[in-house]
Amino acid sequence: MTFNTQQLLTWPRVHEWAEQQEPGAIVGESCTNSTCPLANYLRDQTGIHWSVGSSIRPADGMVQDRLNKPKWVQRMIDRTDEATGNKSGHVTREQLLAVLEQVKNEAEPYTPSSSDEGLFLTLLTGQVCQKIQSEYSAGRIADLETYNCLSEMARKADMQARKLLQLLEGCQQREEK
């Protein structure tokens, strides 16, 4: 993976993702490993499928790709499953937000590093590129010249964000040594 995916497992990031979903939206299935809300969140953020069980790992990943599971994440998973009677069932945005509020105080305080902020910028520019594409596909951007201009600006911003993230991660790795 090109960035530290472990940094995605923070309460504020998962909460923000949940809030961005449409009201009433199904954000996952309880009591499942590959379609639970956390697996869907990680897929949306990284573009790869995840398995969330006794460990959190890419569905086709290796042992070294596993993520540490903070206590609040395990409690979120447990409470999400409890919300559907510990049986497989749809989990709505509102149910997930309620569970997140329940585990909020159990989450460790989060202080973003410069590498975290670079990652956020990279994720944000990727979302902008996707939004421009979907707006054009839906016919809400009718002018091809406007679409091309917006797409080019978003691609340039995305490239700059990725370069910044690589630079920041390189600095962070040198500091850790």
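Me: Among contacts in the protein between residues at least 6 apart in sequence, what share joins residues at least 24 apart?

Reply: In this predicted model, 65% of the contacts between residues at least 6 apart in sequence join residues at least 24 apart. The protein has 177 residues, of which 38% count as buried.

Me: What makes up the secondary structure of the protein, and in which order do the elements run?

Reply: There are 6 helices and 4 strands. Starting at the N terminus, their order is α-β-α-β-β-α-β-α-α-α.

Me: Why is H1 called roughly antiparallel to H4?

Reply: The two helices pack at an angle of about 160°, and their axes are 9 Å apart. Angles over 145 degrees count as roughly antiparallel, and H1 is therefore placed in that class relative to H4. The crossing of H1 past H4 is left-handed.

Me: Which residues form the contact of H1 with H4, and how do they divide by class?

Reply: From H1 come Trp-11, Val-14, His-15, Trp-17, Ala-18 and Glu-19, which meet Arg-93, Leu-96, Leu-97, Leu-100, Glu-101 and Val-103 in H4. By class, this contact has 8 nonpolar, 1 polar and 3 charged residues.

Me: How do you know that H1 and H2 are roughly perpendicular to each other?

Reply: Their packing angle is about 90°, with the axes 11 Å apart. The range for roughly perpendicular is 65 to 115 degrees, so H1 and H2 receive that description. In this contact, Arg-13, Val-14 and Trp-17 of H1 meet Pro-37, Leu-38, Asn-40, Tyr-41, Asp-44 and Gln-45 of H2. The residues divide into 5 nonpolar, 2 polar and 2 charged.

Me: What makes Thr-80 count as buried?

Reply: Buried means under 20% relative accessible area; Thr-80 has 5% relative accessibility and therefore counts as buried. This residue is found in helix H3. Apart from neighbours within four places in sequence, Thr-80 is in contact with Ser-30, Pro-37, Val-91, Leu-96 and Val-99.

Me: Why is Cys-31 called partly exposed?

Reply: Partly exposed covers the range between the 20% limit for buried and the 50% limit for exposed. Cys-31 has 36% relative accessibility, so the residue counts as partly exposed. Cys-31 lies in the loop between strand S1 (26–29) and H2.

Me: Which members of the largest nonpolar core touch the most other members, and which elements supply at least two residues each?

Reply: This core has 30 residues, and those touching the most other members are Leu-38, Leu-42, Ile-56, Trp-72, Met-76, Leu-96 and Leu-100. At least two residues each are supplied by helix H1 (11–20), helix H2 (37–46), strand S2 (50–52), helix H3 (71–83), helix H4 (93–103) and helix H5 (114–137). H4 gives the largest share, 5 residues. In soluble globular proteins, nonpolar side chains tend to be buried together.

Technical notes
Residues numbered from 1 in each chain as written. Predicted model: local features only at pLDDT ≥ 70, side-chain atom pairs only at ≥ 80, totals over all residues. Heavy atoms only, no water. Core = buried A, V, L, I, M, F, W, Y, C linked by side-chain atoms within 4.5 Å. Buried < 20%, exposed > 50% of the residue type's maximum accessible area, 1.4 Å probe, protein only. Axes fitted to C-alpha atoms, helices over the stretch in contact; angles between N-to-C directions. Parallel < 35°, antiparallel > 145°, perpendicular 65-115°, else oblique. Left-handed = near helix turned anticlockwise from the far one by under 90°. Contact = heavy atoms within 4.5 Å. Nonpolar A, V, L, I, M, F, W, Y, C, P; charged D, E, K, R; others polar.
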